[in-house]
Amino acid sequence: MLCIKNLSVSVDGQSILVGLDLAIPAGEVHAVMGPNGAGKSTLSYALAGRPGYEVTSGTVTLDGEDLLALSPDQRAARGVFLSFQYPTEIPGVPGLTFMRAALNAQKRARGEGEVSAPDFLRLVRAKAADLKIDFEMLKRSLNVGFSGGEKKRMEILQMSIFSPRVAILDETDSGLDIDALRIVAEGVNAMRSPGRAMLIITHYQRLLDHIRPDRVHVLAGGRIVASGGPELAHELEAHGYDKYAKAAA
Amino acid sequence: MSLARAIASGDLAQLPSRREEAWRWTDLRGLLRALPPPSPESFEALPPGPFAALAHSEVAIVNGRGPAGAGVPAGRRQSLALRFVASASAGAHTAAFVIEVARGAHLTLLESYEGQGDGYVVQADLELRLAAGASVERIVIAGDGAEAVSVSKASVVLAPGASFLQTVLTAGARRQRLETHVAHAGGGAAARLDGLYLLQAKRHADITTLVAHAGPGGATDQLTKGVVRDQARGVFQGRILVARGADQTDARMGHHALILSDRAEVDAKPELEIYADDVLCAHGNTVGALDEEALFYSRQRGIPEDQARAMLTEAFVGQVVERIGDEGARAVAAAWVAQQLEAGP
């Protein structure tokens, strides 16, 4: 489904990813783990098309379609969702307004009909309740003044509303207490589906106690240096990234 | 030096110039090589003004000609559409209007500057006197022509316990200044002075305010926002003076502008001058581009770039409109803002 080949990415003229290969079949959840500075966030931003993240070689395809040729919003309409490590505050735009504008923009780009206001509210109410988000909060400016945990829950809410084909979760566990972590993980698990690929980017293993990945990859020095089953995450937790960092260097 | 004096005397030397500190960003002397002839009397029927549907009564001052003043009797509530219309191209004139709001009365003042001609040179002076316990909400839409030179100067005097709320909305002109002086003469009065400038092409708008707290316990709350694109220039000069003895004054001033092109410019000078004790005073001033983080975040969620820019820009200015108390005026202001933003590239 999502296929990354030989991907190299520079930021401000500095190479961060150097020939990264990764393929996630439909229906699978993969985790990318790595030390700080390995290029984890660069991978997520490059997949989403963030300006300033220059792809110098390689390909990224989603069901055979070249993602790199598309703008960030076109990628979103094709079903690419990135849960941000630090979700941005959007002053003056209520969460409900933002999410409806985004959903309808995606639908327009796909040639689908827009969602009506009542249908949208019904959808959001149900999803917000699952994530234990107070509906009143969605009337406030998106993410403004929200705690770290509230922002992450707002990301998972949007993911469940947009129902993407590829979900990338960048350090979704950072800033979460144990209860919030459980709610977020349940939200992610509920999104597992045969037609969806998920990529979980994380430094620590603790999120993977709640979301069991099909595959675990180690990102070090800008490329994938090891891959394995879920047991690899436990090995990393026990022994750290040192041996991979040396292998990458 | 003032534009009004220059127009009255025909003497260009009377024009304010950049050598005066208060006019250094809105130079009229360097701009005008000659003054146009006096604006003629107009006999044309006026189209409806921007607030036509809202006001109990309407006063139109066309090319400087019209009634000299109005009043609101004690305890009454009224709304007045006050229209300063320049119908002649390449004419010069001055206009003046005085409003007295008696004790406990309320006035919703819906003021518009309507440039039907272009290339005119105008100064309009407004005096507002609020008696004790009186309240005024003044909403101004300044719709001058692109080639107009226009100065509006409002002088507001607040008796104790009076309340004055103002929102000035402008799209600028060739050179335009909207100036408000508020005197908290006795203290214990409240003022809100908001402004919004949305400028494109080569338009210039200058929002200048001077608030003087002479007595204790007064409050001033100011929020001005601006969006400039193309080669437009926005100017904000805000000064709050808290005199000795004006203790327990609460004064806040914020000015925030978005610059959407490399060739656009914003000049801002927020000033607090405090000689009293035990006051709460704060000011904030930010000038910058649209938040790239918010832009990318919105695009990642599927909102195309142009739509995301428009959404974030509208959200940025929305706060000023939301603070308008009068519901009808707020709707007119929101529609005006949407129209201005739509007209942008």
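Predicted model: local features only at pLDDT ≥ 70, side-chain atom pairs only at ≥ 80, totals over all residues.

Modeller: Happy to! Chain B has 4 helices and 17 strands. Its radius of gyration is 20 Å, close to the 20 Å that the globule rule gives for 345 residues, so chain B is as compact as a globular protein of that length. The C-alpha trace of chain B spans about 55 × 55 × 45 Å along its principal axes, and 48% of the residues in chain B count as buried.

Chain A contains 8 helices and 12 strands. Four of those strands make an open sheet, in the order 2-1-4-5, with antiparallel pairing. Strand 2 (14-24) and strand 5 (65-66) are the edges: each has a single partner strand, so one side of each is left without a neighbour in the sheet. Look closely at the strand 5 edge. Strand 4, residues 53-62, runs antiparallel to strand 5 and is joined to it by 2 bridges. You can find one bridge pair yourself: Glu65(A) in strand 5 is the bridge partner of Leu62(A).

A compact globule with 249 residues would have a radius of gyration near 18 Å, and chain A agrees, with 18 Å. The C-alpha trace of chain A spans about 55 × 40 × 35 Å along its principal axes. Buried residues account for 44% of chain A. Among the contacts in chain A with a separation of 6 or more, 71% link residues 24 or more positions apart.

How values were computed: Residues numbered from 1 in each chain as written. Chains lettered and ligands numbered in written order. Pairing = 2+ DSSP bridges. Rg over C-alpha atoms; globule rule 2.2 N^0.38 Å. Buried ≥ 20, exposed ≤ 12 C-beta atoms within 10 Å, placed from the backbone. Contact = placed C-beta atoms within 7 Å.
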